Amino acid sequence: MTFLICVAVAIVRVKDLFAVAMLSGIYGLLSASLFITMDAVDVAFTEASVGAGISTLLMLTTVAMTGRTEHYVRHKPLLALLVVFVTGALLIYATLDMPYFGDVLAPANLHVAPRYIQDSMREIGVDNIVTSVLASYRAFDTFGEVVVIFTAGIGVLALLSFTRRPEDDAEISSDNISMHEQNMIVRIVSKILIPFILLFALYVQFHGDFGPGGGFQAGVIFAAAIILYAMLFGMGVARRAINQTFVQLFAAVGVLLYGMVGVASMLNGGNFLDYNVLSEDPVAGQHLGILIIELGVGIAVAMVVIIIFFNFADRIDISKHKADKKI
Amino acid sequence: MDIALNISSALCLFLGSFLCLSGGVGIIRFPDFYTRMHAAGVTDTLAASMILIGLMLQNPDAIVILKLVMILLMTLFISPTTSHAMAKAAMNSGLQPLLDKKENKDGVESS
Amino acid sequence: MLIAATIAILVVMALTIIRGCMGPTLYDRILAVNMFGTKTVLLISLLGFVMGRPEFLDIAIVYALINFISVIGVLRFSDSFGFKQPHQKKVSGGKDS
Amino acid sequence: MLAHLPVLQVLLPLMAAPLCLFLRRPYLVWIFTLIVSGLAFLISISLLQQVMVSGTLVYEMGGWSGPWGIEYRIDKLSAFLLLIITAMSTVILLAAQTSIQKEIPENRQIYFYILYLFSFTGMLGIVSTGDVFNVFVFLEISSLSAYALIALGKDRRALWAAYQYLIMGTIGATFILIGIGLMYQMTGTLNMDDLARRLPEVAQTRTVFAAFAFFIVGVCLKLALFPLHLWLPNAYAYAPSIVTAFLAATATKVAVYLLIRFTFSVFDLSFSFTALPLQTLFVILGLIGIFVASTAAIYQKNVKHLFAYSSIAQVGYMIVGYSIGTTMGLMATLLHLFNHALMKSALFLALGAVMYRIGSVQLSSFHGLGRQMPFTMAAIVAGGLSLIGVPLTVGFVSKWYLVLAAIENGWWPVAVLILLGSLLAIIYVWRIVEVAYFKEPVAGTDGVREAPMALLMPVWLLVGANIYFGVDTRFSVDMAQAAARSLFGVSP
Amino acid sequence: MMILGLYNYWIVVALMMIGLYIVIAQGNLVKKIVGLNIFQTSVFIFYISLSKVDGGTAPILAEGISLYSNPLPHVLILTAIVVSLATTALGLALVVRIKEAYGSIEEEKIQMKDDQEC
């Protein structure tokens with residue numbers, strides 16, 4: 001735990017933004033390990049792939065575009081400190097009446113949660129309680145979550161997309177090829193790894209019922225494989241392999257798939273997202289429903305992350321290109 | 001049988017931890033980037049495999065061993081690759097190895 | 001033994017963080033991040049055993065992958081950062097000597 | 001199908017948004033969006049009827065009841081808010097196509113509509129849900145899309161404004177998240193109804209107190225209550241006109257809704273108003289907000305800025321009404337919610353029309369506009385009168401009830417100050433009138449003509465509503481009264 | 001007991017304060033986003049710590065185990081992590097655009113340029 005504070009303080013102090021981005025990656029990994037020690041394996045899974053993986057990559061791309069050094073001007077630190085300390089004091093004050101860490105009798109552990117733990121096997125039939133809560137009891141939240149990430153994807157598209165000129169494309173890709181001739185070893189190893197990563201993503205996708213994992217994590221891993229490919233072989237090549245319009249449409253399909261499950265259950269006479277009615281046997285219905293929505297989540301997340309990354313990386317290539325031309 | 005497994009597992013774990021620690025000391029104490037990388041890269045690979053093998057010996061479950069083997073393979077693949085890539089990138093960016101006694105601990109961050 | 005190994009790894013992690021925070025060059029930090037990642041993988045595998053639920057090795061696999069990808073990412077973007085050509089060597093190493 | 005209306009209300013725009021990607025032409029997407037919004041409006045009317053007849057509607061997501069699943073809970077207050085949001089969105093969308101064509105590049109228009117739909121969905125979701133964490137999720141949907149929408153503005157300052165909004169908004173949302181976490185920790189539930197039942201047991205603990213404080217601060221950040229309003233003026237000023245109109249008409253309303261919902265339904269009133277010196281604090285902040293923002297509005301050179309500051313002042317009125325803490329005060333607040341949505345959307349849409357013709361909303365470019373764009377300017381004046389609170393406009397009605405509520409509670413000084421605040425409104429509205437009607441047009445703007453029908457029609461629709469509801473107050477007053485009564489009925 | 005029992009929460013508070021401090025006091029836009037991340041992560045840790053049950057294990061049903069940690073906060077945090085990813089992505093996209101439009105990502109400089117325009 002104390003590590004976390006060290007890293008956080010370091011982030012405050014370090015001025016090299018690249019280093020900051022990397023430290024935030026370490027921070028993500030650390031908090032993920034912390035989640036594991038506190039039994040939150042699913043969360044750790046996600047935090048590792050998001051905090052240490054995708055966020056860090058995005059930060060790096062941004063830093064690569066915006067410049068590395070920070071011109072540090074200390075301004076209004078007093079006000080900031082005041083706000084921070086008031087908040088902190090309030091929280092410390094709040095902790096005084098809290099149930100202790102790990103208390104079995106804390107109200108949070110007595111009221112709603114026991115039902116999930118005791119009955120989810122009978123009602124849903126999935127080993128991983130987190131999955132059953134996520135995908136069935138609180139499925140609507142998860143739907144919201146997919147929509148949030150989709151919104152972010154669209155937002156990034158709205159902000160960063162631009163019409164590409166073909167000649168730019170050609171130049172950039174030739175650039176990339178020359179640049180990566182040298183990285184033979186890395187490329188070969190990655191070529192071996194990428195199919196494996198994709199396979200692993202599928203495993204995570206469908207194994208979510210029994211162990212940690214699920215649609216979101218699988219989506220991120222899948223996207224990570226694609227990102228790796230794009231980084232090593234250049235955006236131009238990756239772009240040829242993966243059609244952007246197609247990706248966008250697929251992201252939409254992912255969200256719609258999720259919604260459709262809900263609509264289907266409505267048509268079958270249940271409430272929105274009530275999987276019990278999807279099949280004769282409620283438990284089988286639950287299984288089916290969870291399977292499909294996890295698939296929807298996976299598709300949507302993977303595509304959105306790809307969209308986000310590609311748009312960022314395109315900007316880099318373009319801005320670098322412009323800079324090269326100026327020189 | 002059990003005892004033998006346990007002992008060998010403990011031995012592996014011990015060796016792994018020791019290598020880890022020495023790598024950790026190395027990464028702090030060595031004078032420049034390339035030597036540090038050496039410390040990290042070498043210990044990483046061996047220590048990781050030692051610890052993973054140690055864990056494998058502890059568990060009879062097939063799927064767990066399979067997963068551990070996968071992790072092991074991955075570390076074996078990834079660790080040297082990243083080391084290689086890092087060294088190459090560092091060379092390309094103009095970071096010179098510390099060959100003689102010249103002091104150039106800082107200021108080599110090229111941008 | 002498991003616990004001893006865990007503690008050893010924790011200590012190494014601390015050392016790596018120190019290196020990561022100290023720098024001094026960018027590549028030292030990358031190195032620290034990389035090493036930190038591998039150590040986390042080991043830590044998680046160990047923790048799974050310590051807590052008696054070794055099914056969670058999936059997470060360790062993910063960490064290894066993510067670690068690899070992020071290191072490659074760092075290198076890729078630090079390469080493409082700035083205006084230098086990949087093959088051209090700068091003499092900045094000897095600048096202040 | 002009628003039983004599914006609560007969820008359809010949210011689901012319809014939600015599902016429609018990704019579908020937009022499949023329609024590749026902006027014009028088609030616009031039509032589609034408009035239809036969806038119109039349908040949502042119809043649903044909200046039907047919901048309102050149902051609620052009026054049969055009381056609170058509860059819809060269980062996934063068939064899981066109570067605190068285990070998420071439920072939608074639509075009472076009179078939410079139905080009222082749903083009606084406001086969907087109505088505003090529909091009218092504003094009528095004007096969207098023309099204005100957007102001019103302000104946003106062709107290849108981004110589709111994204112604009114998608115984001116608009118998401119923002120719309122988010123607000124509907126916040127209003128109809130009965131689960132605190134769900135509130136957070138939908139809050140993020142609506143605000144994320146709002147950030148992106150603002151950043152679509154032409155001016156580069158829009159980007160900066162959006163960034164600031166993003167930072168402030170995220171801090172606010174995270175504060176709310178902390179509040180939710182603390183509450184969950186003490187009660188073990190996330191369902192609002194259940195929370196209301198379980199909170200009194202632990203109401204005296206410091207944790208619950210802190211939870212409440214965090215929640216209030218978070219909501220106030222979203223609400224742009226006086227000391228936390230800094231993000232609002234720029235965000236409103238540089239966003240595309242349609243976005244400004246939409247956000248001004250709905251976003252702060254939703255935040256007020258959250259405030260009311262939490263202080264009245266989740267925490268009970270006696271706790272809300274005694275645990276913190278909330279009542280006094282809010283009255284003071286509200287009043288200061290009215291004065292500071294109105295004064296700031298007087299000095300603005302950009303008309304959008306001017307109205308943005310006036311929005312902050314109006315939020316002040318709402319907060320004052322709310323903190324009076326009587327049925328009358330709450331009713332005034334709800335009325336003002338409704339009325340302010342009407343007048344601000346009319347004003348900002350009219351500004352959109354000005355923007356469409358002149359390409360600027362600096363006060364200096366308004367010279368002589370009264371003659372060049374008579375209908376648009378007339379609409380602005382009508383909206384301005386409503387802001388001031390001249391009789392026969394909606395602004396009068398809500399201020400009337402507000403003053404009544406203050407007097408009823410024996411708060412004479414507050415009533416006087418509210419009236420004084422209206423005087424300030426006269427000044428800033430007058431500045432526009434003066435420039436537009438009594439100054440000669442600037443040379444080189446001879447070609448400026450009246451705005452196209454597609455823009456004028458929605459503007460005048462809204463202005464008409466302004467006057468209609470100012471004269472015939474039965475509908476809005478009844479609604480507000482019913483909602484306020486039901487809230488007080490719930491809480492002892 | 002009190003110190004041990006609340007230690008976790010206090011660390012969370014400290015992290016939260018650091019994160020918030022970065023967001024408010026730092027002038028660099030990227031760093032602000034990093035700060036926001038730290039701030040949000042600290043909230044996640046808070047949620048997860050309140051779900052921990054002494055002696056319990058991860059909420060994946062297995063034979064022979066009867067005490068599990070509370071799964072509900074885990075679910076909430078999964079959602080919240082996604083939200084924070086979305087926020088980060090959007091924020092960084094904004095930063096990129098700001099850099100292109102203003103040529104800087106320092107708060108002060110941007111303010112200065114804006115003031116000149118007004």
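Which pattern does chain E follow when read along the sequence? The answer is α-α-α-α, where helices (H or I, at least four residues) and strands (E, at least two) are DSSP runs, numbered from the N terminus.

Before going further, some housekeeping. This is a predicted model, where local features need pLDDT of at least 70 and side-chain atom pairs count only at pLDDT 80 or more, while totals for chains, interfaces and linings use all residues. Residues are numbered from 1 along each chain as its sequence is written, and chains are lettered from A and ligands numbered from 1 in the order in which they are written.

**Stop 1: chain E**

Select chain E and hide the rest.

Even so, 69% of the 118 residues of chain E count as buried. Here, buried means 20 or more other C-beta atoms within 10 Å of the residue's own, exposed means 12 or fewer, and partly exposed is in between, with C-beta atoms placed from the backbone. Of the contacts in chain E with a separation of 6 or more, 43% are between residues 24 or more positions apart; a contact needs C-beta atoms, placed from the backbone, within 7 Å.

**Stop 2: where chain A meets chain E**

Bring chain A back. The contact takes 79 residues from chain A and 68 residues from chain E. On the chain A side, the largest share, 15 residues, comes from helix α3 (residues 41–66) of chain A. Colour that side by class and you get 51 nonpolar, 19 polar and nine charged residues. The classes are: Ala, Val, Leu, Ile, Met, Phe, Trp, Tyr, Cys and Pro nonpolar; Asp, Glu, Lys and Arg charged; the others, Gly among them, polar.

Stay on helix α3 of chain A and pick Phe45(A), which is found there. Phe45(A) is buried, with 32 other C-beta atoms within 10 Å. Leaving out residues up to four places away in sequence, Phe45(A) touches Pro212(A), Gly213(A) and Gln217(A), plus Ile59(C) and Val62(C).

**Stop 3: chain D as a whole**

Switch to chain D, which has 20 helices and two strands. A compact globule of 492 residues would have a radius of gyration near 23 Å, and the 21 Å of chain D agrees. Its C-alpha atoms fill a box of roughly 70 × 55 × 40 Å along the principal axes, and buried residues make up 68% of the 492. Among contacts in chain D between residues at least 6 apart in sequence, 79% join residues at least 24 apart.

**Stop 4: the two strands of chain D**

Select residues 57–60 (β1) of chain D together with β2(D); four bridges join these antiparallel strands, and strands pair if DSSP finds at least two bridges between them. Tyr59(D) has Tyr72(D) of β2(D) as its bridge partner. On strand β2 (residues 71–74), Glu71(D) and Arg73(D) point one way, Tyr72(D) and Ile74(D) the other, and all are buried.

**Stop 5: a helix pair**

Next, show α3 (residues 76–103) and α4 (residues 109–128) of chain D, which pack at about 170° with their axes 10 Å apart. (Axes are lines fitted to C-alpha atoms, for helices over the stretch in contact, and angles run from 0 to 180 degrees between N-to-C directions.) That angle makes α3(D) roughly antiparallel to α4(D). By class, this contact has nine nonpolar, four polar and no charged residues.

**Stop 6: two loops**

Finish with Leu392(D), in the loop between α16 (374–388) and α17 (394–408) of chain D. Its phi is near 80°, a positive value in a residue other than glycine. Then jump to Glu450(D), in the loop between α18 (412–438) and α19 (453–471) of chain D. Glu450(D) counts as partly exposed, with 15 C-beta neighbours inside 10 Å.

Methods
Parallel < 35°, antiparallel > 145°, perpendicular 65-115°, else oblique. Contact = placed C-beta atoms within 7 Å. Rg over C-alpha atoms; globule rule 2.2 N^0.38 Å.
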